[in-house]
Each structure stands twice: as C-alpha cells, then as structure tokens.
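Here is a colleague's note for someone who is opening this entry for the first time. Please read the points below with the coordinates at hand.

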Amino acid sequence: MSKADLHHGDDALIAAQRLAEWTSRAPELEEDVALANIALDLLGQARMFLSRAGDEDQLAYLRTDREFTNVQLVELPNGDFGHTILRLLFFSVYQQQLFASMRGDEIADKAAKEVAYHVDHARMWTLRLGDGTEESHGRMQRALDELWPFTHELFEGNDLRAGWLSVVEPILAEATLTRPEDGWAPTGGRSGVHTQHLSYLLAEMQVLHRAHPGARW
Amino acid sequence: MSKTDWPLWEVFIRPRRGLAHTHAGSLHAPDAEMALRNARDLYTRRQEGVSIWVVPAAGITASSPDEKDSFFEPAADKVYRHPTFYDVPEGVAHL
C-alpha cells in the first residue's frame, strides 16, 4: 500500500466530508451548489487515491481515527463561511502545488483541473471577504490567525511550501489580511495523531457501515 | 449576507458544437465574475469548450405583451412580405 496515496486520499476524504456539511446551509443557493461541487470533486479524488491504496470502503469506513493519516487542517470544524473559505484556499493551493509536482500521475493530472477551479473559487471569496466590510475583514483575520499554524503540517516531507507561499501570500495581501508569523506548528496527522474533532467526524461518517458490517449498498 | 445585494442575472450558453448562445436560465450573484462561475456550476457542469454570457437582468429590455399584436402579428395576407418563393439552394445549412 502506497503511503502517499493514503495521505492524499485521506486529506481529500476528510475535506470532502467537512464541505458536505455545508449542504443547504451556505449563504446563498449558488454558493451551496459551488461548495457541494467542490466536495464532490474532493470525494472523487479520495475514491481514486484510496482505491489505488486498497479497498476504498474498507479504508474509509473501518479505520479508527488513529489510523487516519489526513493533515489536521482538513478535519477542523467548518466555523463560519470565511473560515471554511480560508481553509479551502490553503488546502487547494497545497493540492495545486502537490499535483503539479506529480505531473504524469494519472490521478494527479485528473485532479489538477478540478483543483484549479477550487483555488479560483477560494481566492475570489478570500478577496471579497477580506476586503469586504469591517465585519467580514475581522472574521477573516481571526480565521487566518487560527488556521495558519495548521498549514505547516502540509509541507512535512515535501518542499512545496515556497511555491505555496508564493501563491497564498499575494492573495492575503490583496485581501488586506495580515499574514501571521510562523510559530506554533501542530503536527501528527500523518501518523494518526489528530485533534479531538476527527473522531466525532468519523463516528458520523462510519455509523451505518459499522452497524451493518459487510452489507452491500 | 442578506445585506448584500445579489441581483438577478440572465445566463446564455453556447454548447460545444452549438452555433449560437441560447438563454439557459437565471441566477443571483453579487457581480459578473461570480455570476459567470455560478453559471458554470449550475448550467454547464464545467463541460469543456462552452461559452457563457451573463447579463444583468436589469440590462435587458423586453418587448411588452401589450404590444404583441402590433409587434408580432405578421400581415399574412401580404404574401410578398414572406420569402417563400425561393428554393433554398443545396448546401445552405443554416438558413
């Protein structure tokens, strides 16, 4: 089983689950569709990566939180809309860098197209909210301060951070947001050490499969 | 968000092998850029090779139903007004 496939699959799966929680709760109907669209893309990516790593359903439904290898960033609760958008920006710019570095890989090439759209969507909203009203700006800055520490984990074992910063920093600057200093850098996701949020997420995601093991759907 | 104005936009789409943009529907968006992206999600499922126009609904002037008669009722008894006396030459695909 390829560890890398498992990492990419887990990231996408948990990110998809969080975005799907927005369904019917987005600020506008059109945004509801957009977020669901992105969640669907991510779930598709998760299925491809997990299928290459093993049995997708086994991997998604029968592992405990200690066995999941996603970065902590994607398992954090949605928070408000700005919080969700900023997390999407950080994660999709990371994916964009990652898939560019994997060019030639069948799954990465397919996913790269989708991810370009995700980045575009997150960038537009980051600019709008960061440079919107006083209220939206304040919320974005708070979300930024809260999420920034969790971005470091994305770059463990790769050299993508410089490229990531070269995309993210100008967007934050244009959105009139202040990029936090690097400091605390929580880690552990890749080795199954997670925030307390993941096990709740998994309990909900896996409940049916665990109640009826072996059933066909 | 309720304080933001999300005006109505009309969406016109030209399919990949289509010849003209056709009215596909409408949607709400805060500006043209967002309207374009929403239209892509809602009406094209991100198919490659399509062209999308978005127009603020306020920018469209429509003919009035009250004027329907004077606007559209053709003078059917004046046959010379209708180009029905010509054979369409072969090879003219889109007449």
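**Notes on the interface and on chain B**

1. In contact with each other, taking contact as heavy atoms within 4.5 Å, are 15 residues of chain A and 15 residues of chain B. This is a predicted model, in which local features need pLDDT of at least 70 and side-chain atom pairs count only at pLDDT 80 or more, while totals for chains, interfaces and linings use all residues. Residues are numbered from 1 along each chain as its sequence is written, chains are lettered from A in the order in which they are written, and side-chain values use heavy atoms, with hydrogens and water left out.

2. The area buried between chain A and chain B is about 1500 Å², with carbon and sulfur atoms giving 54% of that figure; buried area is the accessible area (1.4 Å probe) that two parts lose on being put together, summed over both. Within chain A, the residues that lose the most area to chain B are Glu30(A), Tyr117(A) and Arg128(A), which together account for 38% of what that side buries.

3. Between the two chains there are 3 salt bridges, each being a side-chain nitrogen of Lys or Arg within 4 Å of a carboxyl oxygen of Asp or Glu. Arg128(A) meets Glu33(B) in a salt bridge, at 3.8 Å from N to O.

4. On the side of chain A that touches chain B, the elements that give two or more residues are helix 2 (29-53) and helix 6 (106-130) of chain A, where helices (H or I, at least four residues) and strands (E, at least two) are DSSP runs numbered from the N terminus. Helix 6 of chain A provides the largest share, 8 residues.

5. Chain B has an open sheet of 3 strands in the order 2-1-3, with antiparallel pairing; two strands pair if DSSP finds at least two bridges between them. Strand 2 (22-28) and strand 3 (51-56) of chain B stand at the edges with a single partner strand each, so one side of each is left without a neighbour in the sheet.

6. Strand 1 (residues 8-14) of chain B pairs with strand 3 of chain B over 6 bridges in the antiparallel sense, and Val11(B) has Val54(B), in strand 3 of chain B, as its bridge partner.
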